[in-house]
Structure formats: C-alpha cells, structure tokens
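Work through the exercises below with the coordinates open. Try each task before reading its solution.

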Amino acid sequence: MELTPITERFVLHWGEMGSRWGVNRTVAQIHALLYLAGRPMDAEEITETLGVARSNVSNSLKELQSWNLVKVVHLRGDRRDHFETSTDVWELFKLIVAGRRQREIDPTVSTLRDCLAHPDLAAEPEGTQTRIHETLEFIETMSTLADEMLRLKPDTLMKTLGMTAKLSRTFRGSGKEE
C-alpha cells in the first residue's frame, strides 16, 4: 500500500500521540494504518507500508490484539493471517477506555480500597487517610460517569456533551461556577 501524504501525516501523528499516551509508536502507527485502510492487511504489507522491522510489526500486532483493538481475519485463498480494526470511532473509543480502565483504573481502585481496609490505616495521619478516601471517591465517581456515558448511543452522547458544554458556558458566564 502506498501512503498518500494525508494518510502518512495521520499515521505519523497517531504514532506521536501514542508515544505521549504511553503506547509504543509503532503500535499506534499500525492501528492508525489499519483504521484508515478500512480493510484487512497482512503483516508483510504493514511492514512494507510503514518501513519498520517485521519483528516490530509482529510484536505490535500482538499488543493490539491483547487490547482487542485488532483481530485476525482470514481471506479466502490466502493462508496468511490478516489483521483489521474497527472503522467505527465510537467502538474504538469504548475499547480503548475499557482497556485503560482494566490496566490502570481498576488496579488503582483496588489498591486504594486495600489501603483503606488495612488495619494500620488508623496509625496514618488524618490527612493521609482523608486524601486516600477522597481519591477513591473521586475515581469511583468519574468511573461511574464514564460508564453511564459509554452506555449511550453515539448521537445521544454527542447531544449530552453539547448540552453539558452549554451549561458550563452558562455557569461560567453567570459567575455561578463552583
């Protein structure tokens, strides 16, 4: 596949953004390529298109599969594995949020709960106890909000976000923001 200037710019930028989010650059670039291609691609085609090492592509595809962002598909008459990703941006967003929650948020909630349940908590300064409790409460509240928003259909979510932005501007303009 020959990258057009716009596709190349998108793929390269997605790789840069991936790095900023703690994702390997090649992993993010492969995902962007599959997303824009909108069709299954085999590892060799990905390697040639991006000009990266075949081993790097293999490892990156395994990582994308572990996040449920890429799946293996087989094409009739072709024995090679091909890889594809969803082209539905909302579905991808939900998968990314679910994956990050599983890897980052859930372990943090578990650790905070363990800290609060630990018998030695009472020996900690009151401020420490309060901040751990407030952190857990905040994360749980934000997680509940995210869960509810992700249950909405995309159109409903966009309307909800639009109304939320209008309310925020209204409160900010009236000086009633807390």
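The exercises cover helix packing, a sheet and a pocket in this predicted model.

**Exercise 1. Describe how helix 2 packs on helix 4.**

Solution. 
- Step 1: locate the elements. Helix 2 spans residues 25-37, and helix 4 spans residues 54-66.
- Step 2: take the geometry. The two axes come within 9 Å and cross at roughly 75 degrees.
- Step 3: classify the angle. Angles of 65 to 115 degrees count as roughly perpendicular, so helix 2 is roughly perpendicular to helix 4.
- Step 4: list the partners. Helix 2 brings Thr26, Val27, Ile30, His31 and Leu34. Helix 4 answers with Asn56, Val57, Ser60, Leu61, Glu63 and Leu64.
- Step 5: sort the residues of this contact by class.

**Exercise 2. Treat helix 2 and helix 3 the same way.**

Solution. 
- Step 1: take the geometry. Helix 3 covers residues 43-50. Its axis lies 11 Å from that of helix 2, at an angle of about 105 degrees.
- Step 2: classify. The 65 to 115 degree range applies again, and therefore helix 2 and helix 3 are roughly perpendicular to each other.
- Step 3: list the partners. Gln29, Ile30, Leu33 and Leu34 of helix 2 contact Ile46, Thr49 and Leu50 of helix 3.
- Step 4: sort by class. This contact has 5 nonpolar and 2 polar residues, with no charged ones.

**Exercise 3. In what order do the 3 strands lie, and which are the edge strands?**

Solution. 
- Step 1: read the order. The open sheet runs 1-3-2, with antiparallel pairing.
- Step 2: find the edges. Strand 1 (41-42) and strand 2 (71-73) each pair on one side only.
- Step 3: check one pairing. Strand 2 and strand 3 (residues 82-84) run antiparallel and are joined by 3 bridges. Lys71 stands opposite Glu84 in strand 3.

**Exercise 4. Characterise the largest pocket and its lining.**

Solution. 
- Step 1: state the volume. The largest pocket holds about 850 Å³ of space.
- Step 2: count the lining. It has 36 residues; Leu92, Phe93, Ile96, Val97 and Arg100 lie nearest the centre.
- Step 3: assign elements. Helix 1 (5-20), helix 2, helix 5 (89-117), helix 6 (126-151) and helix 7 (154-174) each give two or more residues. Helix 5 gives the most, with 13 residues.
- Step 4: sort by class. The lining has 27 nonpolar, 4 polar and 5 charged residues.

Terms used: Residues are numbered from 1 along each chain as its sequence is written. This is a predicted model: local features need pLDDT of at least 70, side-chain atom pairs count only at pLDDT 80 or more; totals for chains, interfaces and linings use all residues. Side-chain values use heavy atoms; hydrogens and water are left out. Axes are lines fitted to C-alpha atoms, for helices over the stretch in contact, and angles run from 0 to 180 degrees between N-to-C directions. Helices (H or I, at least four residues) and strands (E, at least two) are DSSP runs, numbered from the N terminus. Angles under 35 degrees count as roughly parallel, over 145 as roughly antiparallel, 65 to 115 as roughly perpendicular and the rest as oblique. Contact means heavy atoms within 4.5 Å. Two strands pair if DSSP finds at least two bridges between them. On a 1 Å grid over the protein atoms alone, a cavity is a set of points where a 1.4 Å probe fits but cannot get out, and a pocket is an open set with protein on both sides within 12 Å along at least five of seven lines; lining residues have an atom within 4 Å of a point. Grid points are joined across faces, edges and corners, and a volume is the space filled by probe spheres set on the points. Ala, Val, Leu, Ile, Met, Phe, Trp, Tyr, Cys and Pro count as nonpolar, Asp, Glu, Lys and Arg as charged, and the others, Gly among them, as polar.
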